[in-house]
Amino acid sequence: MPASETMVIVIGESLVDIISDPRRPEKIQAHPGGSPLNVAVGAARLDLQTTLVTHYAEDRYGLMIDQHLRSNNVRVINGGTSATSTALAALGTDGAAHYTFSIDWDINGASLPALAAVEGSTHVHTGSIATMLRPGDKATLALVKAARKHATVSYDPNCRPAISPDAAEARNRAELFVTASDIVKASDEDLSWLYPDRTPEQTMAAWLELGPAIVALTRGASGPVVLARPGRVEMAAEPITVADTVGAGDSFMAGLISGLSQLDALGTSGRQRLQNLTPAEMNALAAYANRAAAITCSRQGANPPRSAELGTMPVPSPAQQA
């Protein structure tokens, strides 16, 4: 399906990342963020028609978020009135970010337009705080369930123990969304926290049995693993100089969505295609998303690539797939 015809609805939090970098102590920067917001921007920059169902106020930080979304051609359905959420991101010497949050999540103010949006979509994505934090988590799950009649669904738990410290409860919530999804992406840190008694790859296999067609694992510098019933793909991360890792997983997710759109594997008409990807197509998909994440890591902040930077995904020919 051409990108211009793919309607992506992302459901989830918008917030402002206030970034403190010990390598540059004189510079504390504020940037729009939140995993779902980053996925929405990443998808829009890859030319997918994207709408974000979210929550922010008409305050200083909310206006920053609003301008960022609109400048990246992301449509907005805003369901909240509380103060705009923030996250203090303290970067380590390796560029990895650790977060402290001040956040609310409630989209009941936009329930009807949000429902209309998911019912008219090709693909719906959600994850992170929006799937864990009351009261909005229930509305998020209801929208995802409503979407399945009309769209494929993707989910990224993007766990935040500072927001949802009860791992058992978070695990139960995550499995509800995994069961309702066609594509799931998680980091090795997510799965190690949710399931400390088994390896991330064991969890990938268990999640695949819950119903998704694809489960993808990001492992930082070790590169991604993509698991589906037809097979498994593993590859190294691209060699780059890392500026920081903020938003890398979200860019990987946006790359997956874009790649699957190019394979005509999104939407109810593409669901069967999604379930029967060849190993060569899975490899091309993983490499495409891997490249999107690498570009983001090469520069500061959650700054996903545009289509002109990432290009189109090389789709394997029938001869290559034989």
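Author: Asparagine 73 is exposed, with a relative accessible area of 62%; exposed means over 50%, buried under 20%, and partly exposed in between, using a 1.4 Å probe and protein chains only. You will find asparagine 73 in the loop between α2 (60–71) and β5 (74–78). Helices here are DSSP runs of H or I with at least four residues, strands are runs of E with at least two, and both are numbered from the N terminus. The backbone of asparagine 73 also deserves a look: its phi is near 65°, a positive value in a residue other than glycine.

Before going on, please keep in mind that this is a predicted model, where local features need pLDDT of at least 70 and side-chain atom pairs count only at pLDDT 80 or more, while totals for chains, interfaces and linings use all residues. Residues are numbered from 1 along each chain as its sequence is written, and side-chain values use heavy atoms, leaving out hydrogens and water.

Aspartate 47 has a positive phi too, about 75°, although it is not a glycine. It lies in the loop between α1 (35–45) and β4 (49–54), and with a relative accessible area of 44% it is partly exposed. Another backbone detail is the cis peptide bond from arginine 134 to proline 135, with omega near 0°. Proline 135 belongs to the loop between β8 (123–127) and α4 (136–147).

Let us now visit the loop between β4 and α2, where aspartate 59 is found. Aspartate 59 is partly exposed, at 25% relative accessible area. Leaving out residues up to four places away in sequence, aspartate 59 touches Ala83 and Thr84, where contact means heavy atoms within 4.5 Å. A polar atom of the aspartate 59 side chain lies 2.7 Å from the backbone nitrogen of glycine 62. For a sense of scale, the C-alpha atoms of aspartate 59 and alanine 284 are separated by 43 Å, and these residues are 225 apart along the chain.

Tyrosine 195 is in the loop between α6 (188–194) and α7 (200–209), and tryptophan 207 is in helix α7, 12 residues away. Both tyrosine 195 and tryptophan 207 are buried. The ring of tyrosine 195 has a charge over it as well: the charged end of arginine 171, 5.7 Å from the ring centre.

Tryptophan 207 leads us inside. Of the 52 residues in the largest nonpolar core, Ile11, Phe101, Leu194 and Trp207 touch the most other members; such a core is a set of buried Ala, Val, Leu, Ile, Met, Phe, Trp, Tyr and Cys residues joined through side-chain atoms within 4.5 Å. Helix α4 gives this core its largest share, five residues. A second, separate core of 47 residues includes Val10, Ala43, Ala213 and Met282. Leucine 194, leaving aside neighbours within four places in sequence, is in contact with residues including Cys159, Arg171 and Trp207.

That brings us to cysteine 159, which is buried at 12% relative accessible area. Its sulfur is 19 Å from the closest cysteine sulfur, in cysteine 297, too far for a bond. Cysteine 297 is also buried, at 12% relative accessibility. The structure holds zero disulfides, a disulfide being a pair of cysteine sulfur atoms within 2.5 Å.

How values were computed:
A charge sits over a ring if NZ of Lys or CZ of Arg is within 6 Å of the ring centre and within 35 degrees of the ring normal. A polar contact is a pair of N or O atoms within 3.5 Å; within protein, one must be able to donate a hydrogen and the other to accept it, and residues adjacent in sequence count only if both atoms are side-chain atoms.
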